[in-house]
Amino acid sequence: MAIARQVLCLSAFLSLAHAGPEPLRYSVAEEGASGSVVANVAADAGLAPAQLSARRARLASEDGRQRLGLERGTGRLVVAERLDREELCGSRLTCTLPFELLLSDPLQFFRVEVTVEDINDHSPVFPEERVTFKILETSNPGSRFPLEGARDLDVGSNSIQAYSIAPANEYFSVSFGSRIKGKKYVELVLEKPLDREEQSELGFSVIAVDGGSPPRSGTTQIHIVVLDVNDNAPIFTQELYVVQVLENAPEGSVVLSVVATDRDVGVNGDISYEFSQGVGQSNSAFTIDPKSGEIKLRKPLDFEAAKNHELSVRATDGGGLSAMCKVLVEVVDVNDNAPELVVSSFSSPIPENALPGTVVALFTVRDRDAGANGKISCALEDQLLFSLRPAYKNYYELVTVSALDQEETARHVLTVTAADAGSPPLTTTQTFTVDISDINDNAPVFNQTSYTMYVRENNVPTVLVGAVSASDADVGPNAKVTYSLAPAHPAERPPCSCISVNSENGHVFVLQPLDYEQVKQMEVLVSASDAGSPPLSANVTVRLVVVDENDNVPLVLHPSQESSPPSSELVPISAEAGYLVTKVVAVDADSGQNSWLSYHLLRATEPGLFSVGAQSGEVRLRRPVTERDAVKQKLVILVRDNGQPPLSATAALSAVLLKDFSDMRLPQSSLAMEDEGGSLTIYLIISLVFVSLLFLVSMAAFIALKVCKRKELKGGHVLYGASDLQSGLADMGAAGTLPHAYCYEISLTTGSGNSEFKFLKPILPSLPPQHCTTGGDTDDEQDFPRGPITGEEMAPDNPGTLCAGQFNSLSFN
């Protein structure tokens with residue numbers, strides 16, 4: 001880790017500009033002992049030794065190796081490991097070790113260069129310990145014979161400086177120097193003609209000496225063989241041999257044999273063959289038999305690497321004379337190379353709206369074979385959308401020929417086959433994978449033509465009622481669908497704020513509670529847009545149906561429950577079973593089964609006297625009225641809907657049982673006492689009855705007198721007598737229904753001689769009008785006297801007119 005940190009620090013410093021202080025330069029001899037002092041780097045850098053430890057000084061080199069060390073206590077630069085200049089720098093003349101002296105706190109560095117000085121620690125070494133030269137005795141003085149020089153790893157003055165011969169002799173000397181480009185050479189120079197008869201062999205040593213102190217030396221032994229004079233050189237039968245060889249000829253095949261003759265005899269006539277000019281090296285494709293001159297293949301030939309080979313064959317006789325000939329080996333091509341396909345350019349992906357003729361790829365084909373073996377044809381396999389066309393020479397273009405569709409095929413795998421005309425032909429295939437990039441050419445498509453969603457009324461806010469879903473055949477951003485509400489027409493107002501759609505997943509939410517009685521259904525337009533440029537969109541209609549809940553109690557329209565005390569129905573005592581007393585009319589604002597109403601008799605003064613039609617709400621007599629039945633009957637009708645759970649309302653009504661409509665024997669006070677049901681004592685009841693009867697007799701007499709006086713004057717205005725009204729009631733009872741929707745109120749007062757029959761407003765204002773006309777508003781309840789009913793106080797809007805209808809109330813005062 002420490003070395004890694006040093007390398008990082010050094011790399012950072014080396015990346016700085018070189019403009020800085022001059023480096024501290026030192027030198028040290030190689031092979032110095034570990035711990036040898038190089039210099040006091042702290043003093044040269046102007047630093048106190050104490051600062052080195054305080055500022056965490058260290059050395060950093062480029063390769064991370066610590067060949068030199070720093071003594072923080074003294075500031076000295078010492079040798080950390082053995083320095084071998086030859087290992088560090090090889091044969092370079094100058095060997096410098098650059099590194100940095102780093103101080104961390106604060107950051108500061110000093111460049112340091114240490115030159116490793118060479119010492120003479122290597123001796124010259126010859127490549128061979130013994131070298132033999134065969135020299136003709138007829139060689140002229142001054143003839144030079146090259147010698148492989150010695151090698152010294154040291155440099156400069158420690159390298160080889162001179163060569164000498166030991167022991168010295170009169171025939172040879174050594175020449176040492178430099179030629180072109182500083183190459184050193186060593187040669188033996190013949191100083192005096194040789195005489196084989198005087199001395200057939202010579203032996204001596206060549207010594208190489210370097211310039212070190214003390215100098216070092218290396219030695220090789222020289223063996224000189226003096227050859228006899230040979231006055232006839234070998235002669236080849238041909239100066240040039242030409243032969244053709246198939247490139248697939250197996251190893252060891254005989255190419256040809258060269259032949260040379262020598263007219264000499266004996267040793268001077270013995271001929272040996274060899275390749276000259278270095279062709280006989282181990283990497284050569286040919287080998288020659290030195291005795292027979294037979295040339296064979298050492299390894300297979302390659303026509304593409306070399307179409308022919310030129311060989312130089314030397315024939316040497318035993319006397320050292322030689323002759324040269326040329327051998328030209330022509331390699332015959334065979335179809336052993338498949339075509340090569342090289343792609344120059346390739347474009348993928350390409351947009352799906354690319355025009356026909358768009359270049360997808362440009363490639364070139366070649367075959368290293370020759371002739372028909374190198375003639376290439378290209379073909380594209382089974383493609384209708386792409387084709388190949390020649391471009392230039394052996395270049396081909398892969399182009400589109402028709403429109404592309406990414407949604408149909410997003411990737412095309414094209415196979416190009418290149419085949420040569422050889423026998424058998426060789427082929428090469430190249431696969432091009434062409435991706436088609438999408439463009440926004442497909443609008444989103446909803447999975448339904450319209451959506452119908454249901455939500456119960458009184459829903460919780462932000463309830464999820466369903467989801468719309470659209471898909472886009474494009475890919476990537478072009479297929480990312482977002483949802484929004486949109487007006488059906490641009491000129492319309494924005495869509496209802498009570499509905500929202502999630503832009504990401506199309507979930508439809510109802511944001512606020514809905515009331516079925518106000519809104520039964522609504523339609524919104526949902527738009528699905530992709531993220532293309534420009535975006536494409538589609539719309540779908542979403543119909544939201546509000547499902548009714550049973551949240552409205554039945555509303556009783558008749559009899560009216562707002563009057564207090566409730567109005568009373570007149571029931572003649574003579575009415576038979578099934579007589580229609582009244583009809584309870586109620587409505588429910590809900591729908592469906594939540595609005596189906598049923599009527600039930602909840603309470604009654606005489607439960608067995610009345611019945612209620614469960615569906616019609618008609619209150620009828622279950623049996624004839626008897627004398628034992630109370631005059632005033634109180635009924636409570638329960639109106640219940642069919643919801644789950646059901647809601648209900650009650651309708652309270654009263655029925656008065658009368659022999660005829662002029663029978664007033666039951667005063668209001670006694671009826672009131674019945675309502676109180678025992679709250680007064682029996683004595684108080686008896687007293688009130690006597691007082692009331694006395695008052696009623698007086699009033700009846702007075703009214704009868706008034707009626708008799710005005711009978712002749714206003715006889716045409718009398719609408720009904722008591723008997724007529726009773727017969728009318730009987731007729732209605734026989735009919736079984738109340739024929740009109742209007743009600744009447746009979747108010748007979750005891751305070752005047754006038755009798756009033758006034759019209760009431762319709763019970764159901766929303767129902768269509770009947771045949772009767774409506775009179776004025778009813779006043780407070782008037783007294784009901786005994787005697788005939790007259791029409792003196794009739795409303796002026798309808799003089800002399802009266803329609804039969806359902807009676808709303810009959811009150812007695």
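Predicted model: local features only at pLDDT ≥ 70, side-chain atom pairs only at ≥ 80, totals over all residues.
Residues are numbered from 1 along each chain as its sequence is written, and side-chain values use heavy atoms, with hydrogens and water left out.

The link between β13 and strand β14 (residues 217-227) is made of 9 bridges, and the two run antiparallel; strands are taken to pair if DSSP finds at least two bridges between them. Strands here are DSSP runs (E, at least two residues), numbered from the N terminus. With 6 residues between them, β13 and β14 form a hairpin. Strand β13 (residues 201-210) is also joined by 6 bridges to strand β10 (residues 160-166), again in antiparallel fashion. Here Val209 of β13 has Ala162 opposite.

We can now turn to another sheet. Its 4 strands form an open arrangement in the order β24-β26-β29-β28, with antiparallel pairing. Because β24 (340-346) and β28 (386-390) each have a single partner strand, they stand at the edges, and one side of each is left without a neighbour in the sheet. On average, neighbouring strands of this sheet are turned by 25° against each other, direction ignored; the axes are lines fitted to C-alpha atoms, and angles run from 0 to 180 degrees between N-to-C directions. Inside this order, strand β26 (residues 359-366) and strand β29 (residues 395-400) run antiparallel and are joined by 5 bridges. Thr364 has Tyr395 in β29 as its bridge partner.
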